[in-house]
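Thanks for coming, everyone. Have a look at it first.

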Amino acid sequence: MTTTRDPITARGAAQPTVGWPPWRRALWYHAAFWARTWRGQVLSSFLFPILFLASMGLGVGQLVNNHAGGVDGVPYLDFVAPALLAMNAMQIASNETMWPILASFKWTRSYWTAVSTPVSAKDLVIAKLSWVGIHVAMVGVSFTLVVAMFGALHSPWAVLLPLAGVLTGLAYAAPIAAYTATQENPNSFPVFYRFMIIPMFLFSGGFYPISQLPGWLQSVVQIVPLYHGVALCRTLALGQGTPAATAYHIAFLLALASVGSWLCVRSFRRKLEA
Amino acid sequence: MPLVAARGLVKRFGEFTAVDGIDFEIYGGESFGFLGPNGAGKTSTMKMVSCISPATEGELTVLGMDPQREGPRIRARLGLVPQEDSLELELTAMDNLIMYGRYFDLPRAEIRRRVTQLAERANDKADNFSGGMKRRLTIARSLISEPDLLILDEPTTGLDPQARHLVWERLYRLKSEGVTLVITTHYMDEAEQLCDRLVVMDRGKIVAHGAPRDLIERHSTREVLELRFGLNGHGPHAVVVEDLAERVEELPDRLLLYVKDGDEALAAVHARGLTPESALVRRSTLEDVFLRLTGRTLVD
């Protein structure tokens with residue numbers, strides 16, 4: 001074996017490497033942390049949808065089915081189940097991109113550690129968003145299986161449900177992460193959660209068709225990303241919806257995820273590489 | 001060829017100029033220091049040298065490369081010990097090293113092979129380590145990639161005296177192994193003990209450079225006589241002893257007389273009928289150099 005000697009330091013410059021690009025090394029960080037606590041997380045990501053489906057499908061569902069004969073021609077459970085996946089994706093995305101990102105900047109300072117290595121701010125963004133995507137995908141697969149077990153899927157397109165979840169998750173994760181990177185403390189997080197996330201959860205057509213809402217509110221809801229996530233998931237699960245509407249939902253979420261990612265790289269760079 | 005070369009280096013944050021046109025060169029195998037009070041521009045300089053923050057103006061080469069264009073390649077060969085600890089406290093010492101080593105794309109087995117010193121504490125949570133041990137773990141972490149240049153930003157700030165000695169001992173060992181060290185500090189004793197060569201920084205500028213002993217010889221006398229006269233002010237006494245020393249500095253709590261022979265000067269002070277509450281004869285330090293050059297003390 002020949003060792004190349006560096007002309008400046010006169011030291012052997014060869015390092016054994018695995019051959020991963022920097023962003024994947026940063027992704028490994030997330031995966032390694034997740035691997036330490038995966039039991040608790042898997043449990044909650046299975047349990048949450050099962051409890052929800054049971055309560056909605058058996059409790060509220062009975063009531064709706066008996067009195068209104070289901071919603072949009074399907075039983076209430078089948079109507080609400082795909083929406084829960086989109087809501088779950090939003091939940092995971094916001095949980096992953098508020099406190100944990102602030103912690104990595106301020107408390108554990110792990111982002112500062114990372115940028116003193118060959119990893120750059122952009123790599124950290126790619127890794128973080130990839131991680132949110134992977135996390136949502138894992139939950140999405142288990143969720144889709146649970147929904148299938150309840151017999152609530154009506155279309156073969158339903159195999160794409162985890163992907164729709166990922167897209168919804170990224171449409172939230174990227175802009176929220178971009179915002180978090182501009183914050184010095186978590187003071188605004190509870191406000192954001194209470195006045196943005198929870199209303200979106202309640203009013204984006206997950207639990208009832210938005211045609212039930214007053215007209216002005218319907219047009220507001222249509223600019224909420226979760227509305228498009230819910231509609232997309234429902235389209236895939238029930239095989240309803242026109243190609244044009246579906247393309248619009250996808251485009252809306254993609255646009256948010258892309259613009260959000262760009263903003264995110266910008267705010268991470270401003271913070272870490274100033 | 002120097003490992004690091006800077007010419008006219010400037011760092012501005014908006015209107016504020018943190019580093020105001022400095023020149024320096026750092027050579028392989030030496031231990032180079034940036035000494036100055038808080039806010040002198042040391043950390044900003046460190047961030048530019050470690051290719052995290054870009055220079056606003058001036059030329060900088062690190063390991064012969066341009067940080068602007070080859071940041072990740074340079075950082076692959078640097079080790080950085082930041083001012084604030086940034087360990088993953090939930091993880092064990094070994095996992096901290098693995099986590100960090102993975103950023104350098106080192107295989108796990110290779111990281112384990114390189115960890116020789118942790119021994120019995122490898123599987124302790126980093127949170128359970130003392131302040132000095134945390135610092136040493138951070139230093140161990142920065143060495144996992146076997147860097148050509150180790151950069152330490154205020155390595156002992158916030159540590160108790162015992163922990164400081166623990167860190168110094170480790171750095172001294174690295175120095176004797178030929179590792180190139182770059183250290184920022186506002187402790188003159190640290191700079192004197194660890195640095196072969198240093199620059200003294202104040203308000204973003206370099207006010208002096210050289211070996212610690214040379215700087216002291218050039219800018220101060222051999223000995224210093226410190227006199228304390230209680231709380232009623234030292235001004236009147238300063239006038240009386242003025243001609244006994246090459247220079248007299250009046251600090252809020254004491255007078256400093258810069259002299260060749262401290263004991264002789266003290267005898268002369270007594271001979272003039274002055275009875276200070278306390279008197280101390282000591283060698284000149286970098287603190288005196290800083291005071292001479294800037295009119296201020298290093299640690300306020």
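One term before we start. A crossing is right-handed if the near helix is turned clockwise from the far one by less than a right angle, and left-handed if anticlockwise. Also keep in mind that this is a predicted model.

In chain A, α2(A) covers residues 76-97 and α5(A) covers residues 121-149. Their axes come within 10 Å and cross at roughly 155°. Angles over 145 degrees count as roughly antiparallel, and so that is how α2(A) and α5(A) run relative to each other. The crossing of α2(A) past α5(A) is right-handed. Who makes the contact? On α2(A), the residues include Ala81(A), Leu85(A), Ala89(A) and Ile92(A). On α5(A), they include Val132(A), Val136(A), Gly140(A) and Phe143(A). By class, that contact has 10 nonpolar, 4 polar and 1 charged residues.

Helix α6(A) is residues 161-180, and helix α10(A) is residues 243-272. Here the axes come within 7 Å, and they cross at roughly 30°. Therefore α6(A) and α10(A) are roughly parallel to each other. What is the hand of the crossing of α6(A) past α10(A)? Left-handed. Among the contact residues are Leu167(A), Ala171(A) and Ala174(A) from α6(A), with Leu253(A), Ala257(A) and Gly260(A) from α10(A). The classes are 14 nonpolar, 4 polar and no charged.

On to the cores. The largest nonpolar core has 140 residues. Which residues have the most contacts inside it? Cys233(A) and Ile151(B). Beyond its neighbours within four places in sequence, Cys233(A) is in contact with Pro82(A), Ala83(A), Leu85(A), Ala86(A), Leu161(A), Ala164(A) and Gly165(A). There is also a second, separate core of 15 residues, and it includes Leu227(B), Val248(B), Val269(B) and Ala279(B).

Last stop, the two chains together. How many residues of chain B are in contact with chain A? 27, and they touch 28 residues of chain A. On the chain B side, α2 (67-75) and α3 (93-103) each supply at least two residues. Helix α3(B) gives the most, with 4 residues. That side of chain B has 14 nonpolar, 6 polar and 7 charged residues.

That's my tour. Over to you.

Terms used. Residues are numbered from 1 along each chain as its sequence is written. Chains are lettered from A and ligands numbered from 1 in the order in which they are written. This is a predicted model: local features need pLDDT of at least 70, side-chain atom pairs count only at pLDDT 80 or more; totals for chains, interfaces and linings use all residues. Axes are lines fitted to C-alpha atoms, for helices over the stretch in contact, and angles run from 0 to 180 degrees between N-to-C directions. Angles under 35 degrees count as roughly parallel, over 145 as roughly antiparallel, 65 to 115 as roughly perpendicular and the rest as oblique. Two residues are in contact if their C-beta atoms, placed from the backbone, lie within 7 Å. Ala, Val, Leu, Ile, Met, Phe, Trp, Tyr, Cys and Pro count as nonpolar, Asp, Glu, Lys and Arg as charged, and the others, Gly among them, as polar. A nonpolar core is a set of buried Ala, Val, Leu, Ile, Met, Phe, Trp, Tyr and Cys residues joined through C-beta atoms within 7 Å. A residue is buried if 20 or more other C-beta atoms lie within 10 Å of its own, exposed if 12 or fewer, and partly exposed in between; C-beta atoms are placed from the backbone.
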